[in-house]
Amino acid sequence: MQIVDETSIKHIAKLSKIALKNEEIPVLAKQIEQILEYVEQLNEIPDNIAPLDNLTGNFNKFREDVVVDFKNKEKIISNAPKSKDGFILVPKVLNN
Amino acid sequence: MNLKDLNIKKIHNSFLNKEYSCTDLINNYFEKINEINSDYNIYTSLNKENALNQAKIIDEKIAKGEVLRKLDGIPFSVKDSICTLECKSQAGSNILKGFEATYNATAVEKLINEGAILIGKTNCDSFGHGSSTKNSDYGITKNPYSLDHVAGGSSGGAAASVALNTCTFAIGEDTGGSIREPASFCGIYGLKPSYGRVSRYGAIAYGSSLDTIGPLANNMLDIEIVQKIIEGLDEKDATTIEDKKIIELENKTVKKIGIIKEFLDNGLDLRIRDLFDKKLEEYETNGFEIQEFHLPSTKYAVASYYLIACSETSSNLSRFDGVKFGFRAPNVTKLEDMYLQTKEYGFSFETKKRIILGTYALSAGYADKYYKKACSARSLIKQELEDILKEVDFILTPTSPVLPYEINPIKEIDPMTEYLADIYTVIPSLAGVCSLNVPIGFVEKLPVGMQIIGGVLDENKVMEFAKILG
């Protein structure tokens with residue numbers, strides 16, 4: 001049974017905010033289908049095996065909330081593709 | 001100057017004995033880089049001017065007879081996906097083309113504080129997405145032993161920079177094998193520390209629950225010196241862990257070694273297996289006890305790794321949207337189009353594939369089936385690996401089931417086959433334990449490596465053991 005097709009790849013790409021080149025879509029559909037078929041075998045794992053999502057056992061390490069001055073502020077702004085007067089410029093967000 | 005036989009201690013002593021200056025050393029390394037970089041494609045940016053300025057300071061220190069720090073004047077390279085104040089930090093990607101970081105990664109900062117000098121940034125698959133550097137937006141890094149083969153990946157440039165003697169040691173990053181596999185393909189040593197042992201602050205994140213920073217070098221002594229400097233707690237990375245164990249290994253104690261049956265069955269190149277078996281026989285003759293184990297969850301490892309790493313990468317890479325840094329698609333007037341087109345042109349095909357796979361695995365209705373199951377597989381793998389490590393001191397495996405890939409568009413390797421070849425290295429990554437590649441020989445003039453797997457925080461033990469094996 002097919003899991004993903006070109007339509008669903010286009011939909012997921014949209015969720016990821018990625019535009020795809022036309023020639024990429026069928027290749028992605030094929031390769032992702034291949035991966036998803038392969039990972040099907042994980043369904044054999046019984047539901048009572050607790051998922052591991054924290055390796056070190058560290059939880060919420062708190063520190064004092066102290067402001068530390070960052071020395072390289074100008075460079076942060078200068079890394080932006082477009083900026084003006086210390087602000088980052090982006091295309092207009094609101095219509096009016 | 002013979003760059004081939006250099007190591008940190010030798011250079012340090014040569015400085016003290018005034019056999020050559022730090023400026024001489026840096027110039028020699030840059031001559032070597034000029035000579036070979038266009039053939040091998042190791043570096044994505046170079047730091048010659050700063051390096052020579054720093055060398056001058058070291059030379060003045062030496063002339064005045066001041067005490068030298070451990071790494072004073074020692075030249076090193078850093079993987080492109082780790083932030084450094086000097087050079088660009090582009091993560092091998094178009095989307096970060098020209099990006100200059102505003103701070104040093106903690107590991108780099110610690111090395112610089114000991115006097116090490118940054119030579120340049122090394123090529124890698126973009127964002128660490130690959131095992132051959134063919135997914136780098138800056139071209140493939142060639143194997144030091146054959147221009148027709150890859151150096152491996154994703155830290156392929158790092159491994160080649162060391163193997164071709166263009167620096168004394170390298171800093172790489174390993175998510176599922178990205179230090180160990182290229183170290184194996186290039187015939188050098190490479191350590192993936194336990195998860196949390198070295199701060200990830202300043203690593204451009206791929207899969208945050210798997211990413212580690214570690215050293216690559218031509219010899220174990222350098223690996224050890226560098227690792228001891230870069231490891232430790234860092235308040236800037238809340239996942240760093242404290243070392244509570246002090247381990248001493250005595251040279252002549254008989255030690256137990258485990259091997260994993262599932263690793264030696266299917267898919268392993270028989271010539272690699274022969275070399276590995278010969279090594280095991282040698283260790284047995286030298287008094288090590290070798291015991292065979294089963295790791296039944298081996299069959300889930302690649303599936304678990306790719307689902308978890310891609311899920312995490314789909315979240316981590318969402319920040320590359322053309323707003324704050326790097327590339328922005330030109331001539332766009334709408335915000336949405338800026339996101340879409342920036343990513344379309346800025347990400348490699350492989351990066352897009354991994355983001356899309358990860359987004360799918362985390363999306364509503366599928367997260368339980370894919371992401372959660374992958375995490376359950378990770379539980380099993382960690383438990384089974386830890387159970388084996390309770391009975392033996394180390395586990396030995398080949399580092400890769402295959403030899404370095406041939407660079408040949410006609411014999412293009414199926415992407416799934418390339419993923420499956422990560423099998424031996426993703427298992428320690430999923431379990432968060434440390435593992436080290438050591439070179440064990442050659443097959444058809446191409447290097448072969450062996451992986452020593454230890455437990456969490458067992459770096460010292462693993463490094464001592466590697467030195468005993470010689």
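Which residue in β13(B) is the bridge partner of B:Ile395? In this predicted model, the bridge partner of B:Ile395 is B:Ile453 of β13(B). Residues are numbered from 1 along each chain as its sequence is written, and chains are lettered from A in the order in which they are written.

Chain B holds an open sheet of 11 strands with mixed pairing, in the order β1-β3-β2-β6-β8-β7-β12-β13-β11-β9-β10. Its edge strands, β1 (43-46) and β10 (289-293), each pair on one side only. From one strand to the next the twist averages 30 degrees. Strands (E, at least two residues) and helices (H or I, at least four) are DSSP runs numbered from the N terminus, and two strands pair if DSSP finds at least two bridges between them.

| Strand pair | Bridges | One residue pair |
|---|---|---|
| β7(B) and β12(B) | three bridges | B:Leu191 and B:Leu436 |
| β11(B) and β13(B) | four bridges | B:Ile395 and B:Ile453 |
| β12(B) and β13(B) | eight bridges | B:Leu436 and B:Ile452 |

Buried means under 20% relative accessible area, exposed over 50%, and partly exposed in between, with a 1.4 Å probe and protein chains only. In a regular strand the side chains alternate between the two faces of the sheet. In β13(B), B:Leu446, B:Val448, B:Met450 and B:Ile452 point one way, whereas B:Pro447, B:Gly449, B:Gln451 and B:Ile453 point the other way.

By contrast, B:Lys236 is exposed, with a relative accessible area of 53%. B:Lys236 is found in the loop between α7 (220-230) and β9 of chain B.

**Helices across the sheet**

Helix α4 (residues 106-113) of chain B lies across β2, β6 and β8, running at about 175 degrees to β2(B). Helix α9 (residues 270-285) of chain B lies across β9, β10, β11, β12 and β13, at about 110 degrees to β12(B). Axes are lines fitted to C-alpha atoms, for helices over the stretch in contact, and angles run from 0 to 180 degrees between N-to-C directions. Contact means heavy atoms within 4.5 Å.

**Helix pairs**

Within chain B, α2 (residues 22-40) and α3 (residues 48-63) pack at about 155 degrees with their axes 8 Å apart. That makes α2(B) roughly antiparallel to α3(B), a term for angles over 145 degrees; under 35 counts as roughly parallel, 65 to 115 as roughly perpendicular and the rest as oblique. Residues in this contact include B:Ile26 and B:Phe30 of α2(B) and B:Leu52 and B:Ile58 of α3(B).

Between the chains, the axes of α2 (residues 24-39) of chain A and α12 (residues 349-362) of chain B come within 11 Å and cross at roughly 55 degrees. That makes α2(A) oblique to α12(B). Among the residues that meet are A:Leu28 and A:Ile32 in α2(A) and B:Phe349 and B:Tyr360 in α12(B).

Definitions and conventions:
Predicted model: local features only at pLDDT ≥ 70, side-chain atom pairs only at ≥ 80, totals over all residues. Heavy atoms only, no water.
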